[in-house]
Amino acid sequence: MARSRLASKTERLNRASRLLHWVDHYSSLPWVAMLLAGFLVAAVAIGAALGFPTGWTTAFEVCTSIVTLMMVVTIQHTQGRAQTATQRKLDELLRANPSAGESFIMLEEESDETIHDVEQEQRSSRDDNRP
């Protein structure tokens, strides 16, 4: 039996991280969005037919808040891991290139002033090299 692409991508992650990646993966599929839209239309239609009971309205608002918060946490986790991995890969490329400046490695962890200084230095050197 073939393993899913998601399983092979997440097999080395801990259980919580694997769950968050699973939620991120499946919540981004088109059919899930269509299913959710259908559910919302049905809920509004049933709510309208019943006169929007207070309990239903409260439950809807609470569920919406919970789902929103969980999706924010899920997206932050998965994108944070991807961004960290990308930064480490870029750092390795800088180390491998002898002409690259070592000062750029781990630049994302420097102060805002240092990043601004590097940006200004790069802008001025780019302007100096223009014909």
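Student: Which helix does Asp-91 lie in?
Tutor: Asp-91 lies in helix α4. Please keep in mind that this is a predicted model.

Student: Is Asp-91 buried or exposed?
Tutor: Asp-91 is buried, because its relative accessible area is 3% and the cut-off for buried is under 20%.

Student: And what does Asp-91 touch?
Tutor: Leaving aside residues up to four places away in sequence, Asp-91 touches Phe-104, Ile-105, Met-106 and Glu-108.

Student: Back to α4 as a whole. How many residues has it?
Tutor: Helix α4 has 43 residues and runs over residues 54-96. From its first C-alpha to its last, α4 reaches 63 Å, which is close to the 63 Å expected at 1.5 Å a residue.

Student: Which residues are buried in α4?
Tutor: In α4, Thr-74, Thr-78 and Asp-91 are buried.

Student: What do the buried residues of α4 pack against?
Tutor: They pack against α2, the helix of residues 15-27.

Student: New topic: the surface. Which residues make the nonpolar patch?
Tutor: The patch is made by Leu-19, Trp-22, Tyr-26, Trp-31 and Leu-35. This nonpolar surface patch covers about 580 Å².

Student: Which helices each supply at least two residues of it?
Tutor: Helix α2 and helix α3, the latter being residues 30-49, each supply at least two residues of the nonpolar patch.

Student: Which one gives the most?
Tutor: Helix α2 gives the most to the nonpolar patch, with three residues.

Student: Where does Leu-35 lie, and why does it count as exposed?
Tutor: Leu-35 lies in helix α3. Leu-35 counts as exposed because its relative accessibility is 57%, and exposed means over 50%.

Student: Now the rings. How many aromatic pairs does the structure hold?
Tutor: The structure holds one aromatic pair. Trp-22 and Tyr-26 form this pair, with 5.1 Å centre to centre and 55° between the planes.

Student: What is that arrangement called, with 55° between the planes?
Tutor: The pair of Trp-22 and Tyr-26 is tilted. Edge-to-face would need planes over 60 degrees apart, and stacked would need them under 30 degrees apart.

Student: How many residues apart are Trp-22 and Tyr-26?
Tutor: They are four residues apart, about one turn of the helix, and both lie in helix α2.

Student: What are the relative accessibilities of Trp-22 and Tyr-26?
Tutor: Trp-22 has 46% relative accessibility, so it counts as partly exposed. Tyr-26 has 30%, so Tyr-26 counts as partly exposed too.

Technical notes. Residues numbered from 1 in each chain as written. Predicted model: local features only at pLDDT ≥ 70, side-chain atom pairs only at ≥ 80, totals over all residues. Heavy atoms only, no water. Expected span 1.5 Å × (residues − 1). Buried < 20%, exposed > 50% of the residue type's maximum accessible area, 1.4 Å probe, protein only. Contact = heavy atoms within 4.5 Å. Patch = residues over 30% accessible without salt bridge, like charges linked within 9 Å, V, L, I, M, F, W, Y side chains within 5 Å. Areas by Shrake-Rupley, 256 points an atom, 1.4 Å probe, with all protein chains shown as cover. Salt bridge = Lys/Arg side-chain N within 4 Å of Asp/Glu carboxyl O. Phe/Tyr/Trp six-rings, centres within 6.5 Å; stacked < 30°, edge-to-face > 60°.
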